[in-house]
Amino acid sequence: MQHGEVHITSYRAHGVILVLLLFLTAITITITWVDAGSFSVGVAMLVACVKATLVLFYFMHLKFDALVFKVFAGMVFFLLAVVFVVTFFDYLFR
Amino acid sequence: MEHTANHEHRDDKGSKMGMWIFIFTELLLFGGLFLVYAVSRAKFFEDFHIAAHQLNVFVGAVNTIVLLVSSMTIAMSITAIQKNQKRVALMLLGITLTLAFVFMVNKYFEWGGKIHHQLYPGSDIVLTLKHGQVLFFGLYFFMTGLHAFHIIVGMALIGYVFFQIKNDKIKPDNFQLLENAGLYWHLVDLIWIFLFPLLYLIT
């Protein structure tokens, strides 16, 4: 990869990702506007995760990077998820 | 890579790896804050509900759009430099910097409004509020403040990269520094993607 052809993301592809991100933002704002319950909290967080994935994979170029970057990034988010789960287990069932 | 007389020692992949490792530490830093926020919100649900209503969704939404667009423009500047379009790359970085400045101006008025209404940690009014609301405003100022600090650092970095391109230090075959600055800027965007719904939308 490093010595081979370098991947160039087209302007158009970046534009498409931006439109998707703005669309997802609009969804989050609308759904929390309509309903303020725990359902919309879940949806808002899910949409935020999708947006983060788009930024990581396309804007941050992770999709076209070497496997080691993907594995590292995956491990960090996995670690964060584990810390959240363990903390809430402790908090809820103490 | 050919060994020529003027071969320069550089390791683009290593440089990128260094940047990513730094980004991981940043993610863990903000991750810890998000954890404090999540537990506090679960514990003081009603207080957070009341306090979050003080935030202006419109300003937050505008800043979200500003950051998303700026994230795209800096990503596009890498495309431009790869295609040897120096002027386009400089223009895109200029737009990114302008948008970063717009974000900070918005933040200034937003914080200014809060401070004007005596809603800052330790103010006479906040001290009369319930514990959970005090916690909310503490977290709001700390998290958005730390994020805004990253915006300022990002602006300095983008400014530096701008002149490196202008002086032909960053070229179509040597643009890792621009990519690293881009990664940093996307990180700032990434954090805001979670901050915006958590602080402004979920009430």
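**A tour of chains A and B**

Start where the two chains meet: select the 32 residues of chain A and the 33 residues of chain B that make the contact (two residues are in contact if their C-beta atoms, placed from the backbone, lie within 7 Å). On the chain A side, the elements giving two or more residues are α1 (11-34), α2 (38-59) and α3 (67-92); helices here are DSSP runs of H or I with at least four residues, numbered from the N terminus. Colour α1(A) now, as α1(A) gives the most to this side, with 9 residues.

Before moving on, note that this is a predicted model, where local features need pLDDT of at least 70, side-chain atom pairs count only at pLDDT 80 or more, and totals for chains, interfaces and linings use all residues. Residues are numbered from 1 along each chain as its sequence is written, while chains are lettered from A and ligands numbered from 1 in the order in which they are written.

Next, select Ile81(B), Phe136(B), Val161(B), Leu178(B), Leu195(B) and Leu199(B), the residues with the most contacts inside the largest nonpolar core, which has 68 residues. Such a core is a set of buried Ala, Val, Leu, Ile, Met, Phe, Trp, Tyr and Cys residues joined through C-beta atoms within 7 Å, and buried means that 20 or more other C-beta atoms lie within 10 Å of a residue's own. Which helix gives the most to this core? Show α7(B), which gives 17 residues.

Now zoom in on Val161(B): leaving aside neighbours within four places in sequence, its contacts are Leu93(B), Ile170(B), Leu177(B), Leu178(B) and Ala181(B).

Finally, go to Asn84(B), which follows α3(B) and has a positive phi, near 60 degrees.

Notes:
A residue is buried if 20 or more other C-beta atoms lie within 10 Å of its own, exposed if 12 or fewer, and partly exposed in between; C-beta atoms are placed from the backbone.
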